[in-house]
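Welcome! Have a look at the model below, and then we will walk through it topic by topic.

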Amino acid sequence: MAQFTLDGKKVEAKEGSLVIDAAREAGTEIPHYCYHPTLGNPGNCRLCVVEVEGAPKPMVSCRLPVKEGMVVHSNSPQALRARSSALELHLVNHPLDCPVCDQAGECGLQDYYMKHGQYESQVRENKLHKKKRVPIGPHVMLDQERCVLCTRCTRFTSEVTKTHELGIFGRGHKEAIDLAPGKTLDNPYSGNVVDICPVGALTDRDFRYKVRVWYLDKTNSICPGCSRGCNISLHTNTKRPWHNEGRRAARIKPRHNAEINGYWICDEGRYSCSKLDEDRLGKVMQLKPAPAEISWDAALSEISQSLAKNIEEKGKEGLAVIASGLLSNEDWAGFKKIFVEALKVSHFLFTPEPDQMGEEDELLRKKEKVPNLKGGEALGFGTQIKSESWESLAQKIESGKIWGLYILERDPSKVWKEKTKNLLDKLELIVFQSPYKTAIGNWAHYRLPATSYAEEEGHFTNFEGKIQKYEQALLPLGEALPDWDILQKLERHYKEVQSHALTGASK
Amino acid sequence: MAIKIKEVTRPPKNFQGQIYLWEVWLGLLVTFRHLFVNLGRHTLKALGIKTEPGAVTIQYPEDPAVLGKRARTRHRLLKRDDGTPRCTACLLCETICPAKCIRIVAEESPDVIVEKRAKSFSIDLGLCVFCGYCAEACPVDAIHMDSTDVAITAYDRKDMIWNMAELLEGKKNPASA
Amino acid sequence: MTGVAWTAVKVIFAVVTGLNIAGFLGWLERKQSAVLQDRIGANRADIFGLRVLGFFHPIADALKMLTKEDYIPPFAHQPFYALAPGISLGFGLLGLAALPFGGHITAFGHSVSLQPIQSPYGLLLVLGLLSLGVHGVVMAGYSSASNYGLIGGLRGASQMIAYEVCLATTLASVAFVYGTLDLQQAVIWQGRHLFGFLPAWGIFVQPLGFILFLTAAAAETKRTPFDLPEGESEIIGYHVEYSGMKFGMFLMTDFVESIVVSGLATALYLGGWQSPGLHLAGVLGGVVMVATFLIKVMLVLFLLMQIRWTLPRFRFDQLLDLGWKNILPLSLLNFLLTVWGGYLWRLR
């Protein structure tokens, strides 16, 4: 460890670590564009300059290793002057179109200009014009004029995704970021270049002009897209509902977690937020014999009575439950309490549907596109409690052994296809509980709306067994309740029905 | 701006003020003077003789309202030389509006230079507090509060909402509500 | 029998006159305040485009009051709530009937008194009727079952009682001078002359008494600057729960009581129906008498209104201080001086 002085304070840091890192750990944020913890430090933006006593010129703190006893001033007049000169140079050809720029509000140029800018422009020449509003990929829009040439994005494509779509072309003041010839920025992690771009040069095509960033509320959450469990920040727009095309979830940004996802998330997870409120179930419905809205209490007590009746008449072996890793740890606990302990169900199905399996790569994406299979396994689901296969369950229904089906957030019709109708018509009771509408929902006797992951808080256990909390970002839509709450209420209703049956029998 | 405190000393109590009657008499003198001078002026005017007006009242609907030079009145949106609205939908006015009466929905503009424009722009004049922050905040000088229109009325609250076309034209379209 | 009928006719005449003046006062108040404040005042009400300086506004007001919803709060004490404005207005109007509009005249062979209610104790009668008006105020405040109304009513009661004492003591000295409690006799007394040229009006005989009487009278009738029981826009008064014509009756009470005290001031201090140097008799004389009396009443009312639009409202403690600590001692002093003066006059 080495001790050095930063702005008059004694700071401990590892010998040889960078001053900019040591300063951040000590609570002093040194302005920077090009430096990024995982993308190296080319030192070309010259914004992180600090004054070092004994050094003849200001030094670039992102390339300056800590040495014992060095004295660093990050806010001395010399450092500030160097910084504001560098910023002035960055702004020479910047179009200053903040009113139309989506980055406004979270822009490095804006923030540092307010702190370090020279408010009087000395530039009398016309600004240089470059390419504006160029879609360079399915998700990213490029504006070369706003670029400060920090090269974070080119380094991302070359070092992280190793796809090399972006590069710097031209020389001198005509230098510009552009696509490599014949390529488009369409790798599965392309959205990350928008996050790392400190200015408005790379903006999100999906988010473009939907809502201003300062209207958004930010909630820490966990991406439910696969079993990696990437840490995300869910940005929601609830105060001004006329923006963002009326959707509540505006965008998803990665949240740094060195152990799970680093600074990145995949595009699949990032752009899943627009579907958050699509095709939602809002009302508790009884669909058979006739479709009708029904209260939670009535629905759950009717389901309980039907369960009790059928168990008494046809035995508990006739009930099957289909669930998946979309349930949180809390949901799994409630699931175990009712289906294993209270109802003693013997047929479970946890096997994913084909569309719940997807692509996998070494960076982040995992094959199982559900977040929490591990959480179920921790309670024995899929390990001690064996899962049926889709075929075996279909056969059991076919042979009439099964009278009831409780489906949580799944869609068997995707597997059973045209057989589905025949199979389901044989059943006495189908309960469908999910945040989203699916084809199977229309066959159910009861349809119970559950909350999406953004409307509840809970925990996911990722594929490595790491348990992570996600927080509630939005109010539940319609009458939706968290899965664990529905299951817990159902259990209570079922016990009540049972005790009535017992007292009735004793009379 | 520092707050300045001016100490006001209470006038000393004297007999004249204590008995009160004299002060009442002085006050009555003032009001009587106004009464008779104004009565005289009204009478002269009624007789057709030119004189100072006896009252400062403006008979508003018949006589036009007298507005100060910097009076903030109903908003108007400005156009560019080519006739398109100047507004780039930066949403600064919507953000600063303390009454939250401005609603803008942005969209992509076909013009690459303009880039962004307002798809819809509405001001609920029933909510507006006429603070003028929107005109102050506008970076492209697209919104002004100098229409000199102060007679903004409607029979229905939703008729107080003016949309972009109406703000550009400065005329409420009765069919839009 | 004819005597009773004649009295009834005269009482009705007095009441109708009072009510009409009250309506006229509504117009006068608006216009006078407007002109002295460099404004124009209400001028929009018109009949067939005829505006007549806003003269129709009192009529419009009356129509509005009559057609407004008469809302009785469900928590109010119903009988008292309905009774209160009637008590206020009724006693005020009765007070009018005791005023000497004119003296005795002989018309068509009959001797007629132009005072509707003739009583040797007329002064006490008017004072009593004014005091009974307090009950309307307290009743209104109490029966509204509203804290604002109740406190307003209590304010009104304490104010009116305080100033009634002042009023009575002030009037005691003038009654002492005239040697009578009969208003008619008091007016006749003022027909004489002092030092041969000055009419012996109360204002010259009792100058301090007149000022004290005017102040106490303004307070008694709850006019600005003493309108704390009402305090319409700021402190809220006893009639806060009233609406429609019941509220209108309270408003009218103010005007009627003003007319009563102005009549009292005219009768006791300004020579009543007397015009200096004129000996009035016959039908024509009767008309002149009534006109003189009414003109004098109007002048007092005009002065009261001018005071109203000149002075700001008192604070309540200042109001009671003024009543108990200043006006009451002064009027007692005035009474003492009058008694001594009268004694010295006798000795002369």
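Let us begin with chain B, where the centres of domain 1 and domain 2, taken over C-alpha atoms, are separated by 51 Å. Domain 1 of chain B covers residues 15-46, and domain 2 of chain B covers residues 76-169. Please keep in mind that this is a predicted model.

**How the chains meet**

- The contact between chains A and B takes nine residues from chain A and 15 residues from chain B.
- The side of chain A that touches chain B is made up of five nonpolar residues, one polar residue and three charged residues.
- Chains A and C do not touch, and 38 Å lie between their nearest C-alpha atoms.

**Chain A as a whole**

- Chain A has 507 residues, and 45% of them count as buried.
- Along the principal axes, the C-alpha atoms of chain A fill a box of roughly 100 × 50 × 40 Å.
- You can find 13 helices and 22 strands in chain A.
- Of the contacts in chain A with a separation of 6 or more, 68% are between residues 24 or more positions apart.

**A sheet to look for in chain A**

- Strands of a sheet pair through backbone hydrogen bonds, and they can do so in a parallel or an antiparallel way.
- In chain A, three strands form an open sheet in the order 6-7-10, with antiparallel pairing.
- Which strands are at the edges? They are strand 6 (134-135) and strand 10 (202-204) of chain A, each of which pairs on one side only.
- Strand 6 of chain A is joined to strand 7 (residues 140-142) of chain A by two bridges, and these strands run antiparallel.
- If you zoom in, A:Pro135 stands opposite A:Met141, which belongs to strand 7 of chain A.

**Nonpolar cores**

- In soluble globular proteins, nonpolar side chains tend to be buried together.
- Here the largest nonpolar core has 83 residues, and those with the most contacts inside it are C:Phe213, C:Ala216, C:Val256, C:Ile259 and C:Ala265.
- Helix 9 (residues 244-269) of chain C gives the most to this core, with 13 residues.
- Leaving aside residues up to four places away in sequence, C:Ala265 touches C:Phe213, C:Leu214, C:Ala217, C:Leu270 and C:Val300.
- A second, separate core has 51 residues, among them A:Ala320, A:Leu326, A:Leu408 and A:Leu429.

**A closer look at helix 4 of chain C**

- Helix 4 of chain C spans residues 122-143, which is 22 residues.
- From its first C-alpha to its last, helix 4 of chain C reaches 32 Å, close to the 32 Å expected at 1.5 Å a residue.
- Is helix 4 of chain C mostly covered or mostly uncovered? Helix 4 of chain C is mostly covered, with 16 of its 22 residues buried.
- Just after helix 4 of chain C, C:Ala145 has a positive phi of about 55 degrees.

Notes. Residues are numbered from 1 along each chain as its sequence is written. Chains are lettered from A and ligands numbered from 1 in the order in which they are written. This is a predicted model: local features need pLDDT of at least 70, side-chain atom pairs count only at pLDDT 80 or more; totals for chains, interfaces and linings use all residues. Two residues are in contact if their C-beta atoms, placed from the backbone, lie within 7 Å. Ala, Val, Leu, Ile, Met, Phe, Trp, Tyr, Cys and Pro count as nonpolar, Asp, Glu, Lys and Arg as charged, and the others, Gly among them, as polar. Two strands pair if DSSP finds at least two bridges between them. Helices (H or I, at least four residues) and strands (E, at least two) are DSSP runs, numbered from the N terminus. Domain bounds come from an automatic or database domain assignment. A nonpolar core is a set of buried Ala, Val, Leu, Ile, Met, Phe, Trp, Tyr and Cys residues joined through C-beta atoms within 7 Å. A residue is buried if 20 or more other C-beta atoms lie within 10 Å of its own, exposed if 12 or fewer, and partly exposed in between; C-beta atoms are placed from the backbone. The expected span of a helix is 1.5 Å times one less than its number of residues.
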